[in-house]
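The following paragraphs guide a reader through the structure shown here. They begin with the contact between chains and then turn to particular elements and residues.

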Amino acid sequence: MVSEEKVNRPCDNTPIRLRFRFRKVGRLRYVSHLELVRTVSKAATRAGIPCWFTQGFNPVPKIVFGTPMSVGMESECEFVELRLTERVEPADALERLNAATPAELTFLEAYYPDNKLTDQCFAQYEVLVRTDKNAENLAAAFRRLLSDPNLTCRNLTHGKASERVVGRQTGDATVVATGKNTLRLTMTLGTSQGEFLNPDYVMIALDQATGFLEGSPIENAYLIRRLAALDKDKKTFR
Amino acid sequence: MEQMDRLDRLHGILKSVSEPAAYVGGELYEVKKDKADVKVRNATVFPEIYSIGMSNLGMRILYECLNAAPDVWCERVFAPAPDMGEKMQEYKIPLTALESGDPLTDFDIVGVTLQYEMCYPTALHVFDLAGIPLYSRDRGEEYPIIVGGGPCTYNAEPVADFFDVFSIGEGEDALVELSHLYRDMKEAGTYTKAAFLHAAAKLPGFYVPSLYDVSYNDDGTIRAFTPLYDDIPMKITKRIIGNLDDAPYPLKPVIPYSETVHDRIVLELYRGCIRGCRFCQAGMVYRPIREKSPEKLCEQARCLYENTGYDEISLISLSTSDYSKIDELTDKLLSWTDERNVSLSLPSLRVDSFTKELMDRISGVRRGGITFAPEAGTQRLRDVINKNVREEDLLRAVGIAYAAGKESVKLYFMQGLPTETHEDLCGIAKLASDAVHVFYETPKEQRGRNVRVTVSVSCFVPKPFTAFQWEGQDPLEVLQEKQLYLKDQITDRKVVYHYHDAKVSRVEAVLARGDRRLAPSLVLAAREGSAYSAWSEHFDYDKWMDYFARTGVDPAFYANRTFGLDEVLPWDLIDCGVTKDYLKRERARAYAEKTTPSCAEHCNGCGADRLGGNTRWCPKKK
């Protein structure tokens with residue numbers, strides 16, 4: 001039975017938002033977005049942060065994440081906002097949240113934001129590629145393909161034909177060979193609604209054009225890492 | 001370097017499998033130790049996928065107990081999901097433990113928990129993925145000692161040839177002792193696999209199958225078990241924890257990122273069961289009844305809440321409403337859970353001890369339905385199985401649930417029980433229909449809008465250490481005919497009928513009452529596409545019949561034959577506390593349609609009080 005106390009809890013329409021920036025690297029890259037939501041929700045309870053609960057029949061701490069990433073990608077700048085019932089010292093909340101989460105999930109800063117999470121419009125990515133082919137030649141091929149506004153990623157969904165033009169956003173991408181068999185690609189892609197482009201689609205498009213993954217002894221020969229979040233003017237989003 | 005290469009290959013495939021987080025570890029509260037500091041490396045294998053295995057309380061308890069020993073490091077290993085298993089074989093990546101990322105072959109002792117007979121091939125598949133030879137006799141000194149544990153070890157004969165040793169009963173102390181025996185023999189320089197196993201066989205509660213010879217009669221039944229040494233026991237008595245309040249309990253369980261099947265705090269109220277249902281193995285093998293105190297439970301719940309952040313506490317036991325201090329416990333818990341949005345859930349409720357007061361205490365209202373298990377459709381058959389539940393109890397309990405707003409009720413039944421007739425099956429349909437009618441008799445302002453009664457029917461599987469251990473299972477065709485017959489009897493549109501695949505139950509019956517001659521068929525199952533037989537979508541009955549046929553096994557001999565009362569049973573080597581005489585008495589009472597009162601009412605002399613412990617009901621111990 002839902003107690004009257006629960007139903008009649010004071011309903012504050014403007015709970016306080018506390019934003020955290022965190023790093024998602026190492027093994028944590030295999031943790032899916034949904035799993036992360038669960039993890040942070042429980043961590044907030046463990047940390048004793050005064051969370052504001054949703055007002056439905058199944059109250060849960062209200063948590064809002066920034067732009068999600070695909071499983072397998074790393075990030076230096078992920079954002080999550082907790083809704084609080086009272087103001088707390090951000091540094092204290094940061095310390096407690098870090099103590100309540102696995103070592104690899106590191107919250108880097110906490111603050112009361114003056115903008116919205118949806119104000120983030122772009123993200124900067126780097127992709128580290130390992131190849132058994134000549135890195136210089138492959139880098140040159142990548143540069144040529146990325147500057148083509150019609151570069152397209154095909155067959156995105158299994159069984160159904162679907163495609164996405166990725167070249168429109170890759171004009172500014174840079175590619176450098178960092179060793180005989182390694183190269184580094186950087187690019188800035190949209191994260192806002194309608195403009196969101198998954199960096200993996202760019203890599204799939206490159207593979208479809210060059211076949212650089214073929215014959216690779218491992219299936220996953222590149223690692224995508226989100227380096228920075230940017231606002232609509234491509235300035236650092238915080 | 002070798003490890004780097006292996007990890008590299010592992011990470012290479014993780015992006016293309018489902019739920020990759022299950023294969024990398026790194027969760028909150030995982031235990032890491034320095035290899036240089038530990039003397040015994042222990043791996044606990046749960047032969048199921050991560051999301052199922054991580055929910056298992058037994059595994060959490062053993063992880064806690066073993067890691068509490070400073071010189072032992074226990075790590076977790078799960079079976080990969082089929083997609084991951086295929087990739088591992090394709091890329092030749094051995095199965096590794098989550099904490100260290102080391103392959104199973106690096107460990108000293110590998111414990112495998114056997115929860116369900118259909119997981120036997122999964123366990124063998126795990127050995128294959130780890131590069132460990134399946135048969136104990138083929139494993140030299142370089143391989144880990146393989147220990148089996150869990151409920152299936154009450155008759156582990158079908159897998160006896162694959163395991164070096166079985167831990168019988170509760171493993172909290174036992175597995176630490178085994179690890180220390182290993183350490184001491186290594187340090188003294190007296191360790192060889194053979195010497196270790198001989199020493200282990202002398203420890204209480206350890207069964208070393210290779211040290212017992214089995215001979216057979218001409219009719220295929222067992223003639224005798226013969227110990228190979230004079231100094232090992234003729235019968236292995238299970239271990240129990242005397243006082244559960246003093247036993248280690250995992251207060252910082254490893255918290256998975258992903259959602260597992262039981263994603264909540266688990267409080268174990270007591271072990272054993274006062275009821276004596278004649279088909280139920282758990283009700284016999286976990287005796288004697290030992291309860292934890294409400295104070296201890298409340299303290300552990302509070303600690304678990306603070307450490308885990310879960311918003312639900314599940315009070316578990318074989319029959320939660322039979323816990324003698326259930327009101328006191330729920331009062332204590334509710335004093336702090338409600339205001340923190342933490343709900344209590346009580347699975348395993350019995351209709352006769354289910355009250356409105358209890359219903360009010362469980363805030364599981366919003367979480368859908370409630371489940372009861374009348375098990376049989378008529379009073380006669382319920383008396384035969386000693387369920388001791390009356391129809392009016394059930395309808396009263398259902399009424400309480402409706403009045404609290406529940407709209408969906410699930411009723412568990414079993415079919416194929418000894419002495420069952422079509423009248424008993426009709427009784428199931430009638431009982432379900434009556435349960436629907438109670439809804440319409442419930443005042444409108446109390447009840448929900450709509451009602452659904454789900455009838456879920458499983459097939460009777462005779463299990464070792466039950467009063468029905470000797471009974472043959474109905475032939476497959478009979479089981480299937482009964483399922484369809486019941487389907488025709490259920491005409492109420494508010495009743496939903498589900499039934500288990502009778503073919504699975506038949507194979508389960510073969511394995512449950514099987515002996516060592518089944519081993520070759522299990523190897524075929526593990527290697528020829530039936531490794532995940534516990535999953536209905538991977539179970540293929542015809543394949544199983546083929547494995548049995550090719551290895552000379554007659555499934556009817558094990559599943560459908562009525563075993564002789566004086567026959568040597570494959571599990572006669574094991575003493576689970578409850579005596580064979582008691583089970584024979586119970587069997588006779590079943591056929592006389594006589595019930596036996598619960599331990600709370602009267603001691604029936606099952607024999608389990610011999611094992612001692614801080615028992616709740618055994619009057620002989622008072």
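In this predicted model, 26 residues of chain A are in contact with 30 residues of chain B. On the side of chain A that touches chain B, eleven residues are nonpolar, eight are polar and seven are charged. The model as a whole has an ipTM of 0.83 and a pTM of 0.92. For chain B, the mean pLDDT is 93, and 97% of its residues reach 70 or more.

Chain A may be considered first. Its secondary structure consists of five helices and ten strands. Of the 238 residues in chain A, 34% are buried. Among the contacts in chain A with a separation of 6 or more, 72% are between residues 24 or more positions apart. The chain is divided into domain 1, residues 4-115, and domain 2, residues 120-230, and the centres of these two domains of chain A, taken over C-alpha atoms, are separated by 31 Å. Ten residues from domain 1 of chain A and 14 residues from domain 2 of chain A take part in the contact between them. The side of domain 1 of chain A that touches domain 2 of chain A has three nonpolar, five polar and two charged residues.

Chain B also has an assignment into domains. Domain 1 covers residues 2-235, while domain 2 is made up of residues 264-353 together with 592-622. Between the centres of domain 1 of chain B and domain 2 of chain B, taken over C-alpha atoms, the separation is 29 Å.

Several helices of chain B show how buried residues are arranged around an axis. Helix α7 of chain B, residues 193-202, has B:F196, B:A200 and B:A201 as buried residues. These residues are on the same side of α7(B), because they cover an arc of only 135° around the axis. B:A194 and B:A195, on the other side of α7(B), are exposed. The cover over the buried residues of α7(B) includes the strands β4 (145-149), β5 (165-167) and β6 (206-207) and the helix α6 (174-188) of chain B.

Helix α10 of chain B, residues 326-337, has twelve residues; from its first C-alpha to its last it reaches 16 Å, close to the 16 Å expected at 1.5 Å a residue. Which residues of α10(B) are buried? They are B:I326, B:L329, B:T330, B:L333 and B:T337. Their arc around the axis is only 90°, and therefore they are on the same side of α10(B). Among the elements that cover them are α9 (294-308), β13 (312-316), β14 (343-345) and α11 (356-361) of chain B.

In helix α17 of chain B, residues 519-527, the buried residues are B:A519, B:S521, B:L522, B:A525 and B:A526. Seen down the axis of α17(B), these buried residues fall within an arc of 155°, so they line one face of the helix. They pack against α5 (120-130) and α18 (541-550) of chain B. After α17(B) comes B:G529, whose phi is positive, near 100°.

The loops of chain B also contain residues of interest. B:K406 is in the loop between α13 (391-403) and β16 (408-415) of chain B. Is B:K406 buried or exposed? B:K406 is buried, because 22 other C-beta atoms lie within 10 Å, and the cut-off for a buried residue is 20 or more. Apart from neighbours within four places in sequence, B:K406 is in contact with B:G369, B:I370, B:A401 and B:G448. Its C-alpha atom is separated by 9.5 Å from that of B:R449, a residue 43 residues apart along the chain.

The last features concern the backbone. Most residues other than glycine have a negative phi, and most peptide bonds are trans. B:Y29, although not a glycine, has a positive phi of about 75°. B:Y29 is in the loop between α1 (2-14) and β1 (40-46) of chain B, and is partly exposed, with 14 other C-beta atoms within 10 Å. B:N386, also not a glycine, has a positive phi of about 60°. B:N386 lies in the loop between α12 (379-384) and α13 of chain B, and is buried, with 24 other C-beta atoms within 10 Å. The peptide bond from B:R287 to B:P288 is cis, with omega near 0°. The loop that holds B:P288 is between α8 (282-285) and β12 (290-291) of chain B.

Notes
Residues are numbered from 1 along each chain as its sequence is written. Chains are lettered from A and ligands numbered from 1 in the order in which they are written. This is a predicted model: local features need pLDDT of at least 70, side-chain atom pairs count only at pLDDT 80 or more; totals for chains, interfaces and linings use all residues. Domain bounds come from an automatic or database domain assignment. pLDDT is the predictor's confidence in each residue, from 0 to 100. Helices (H or I, at least four residues) and strands (E, at least two) are DSSP runs, numbered from the N terminus. The expected span of a helix is 1.5 Å times one less than its number of residues. A residue is buried if 20 or more other C-beta atoms lie within 10 Å of its own, exposed if 12 or fewer, and partly exposed in between; C-beta atoms are placed from the backbone. The arc is that of the directions from the helix axis to the C-beta atoms. Two residues are in contact if their C-beta atoms, placed from the backbone, lie within 7 Å. Ala, Val, Leu, Ile, Met, Phe, Trp, Tyr, Cys and Pro count as nonpolar, Asp, Glu, Lys and Arg as charged, and the others, Gly among them, as polar.
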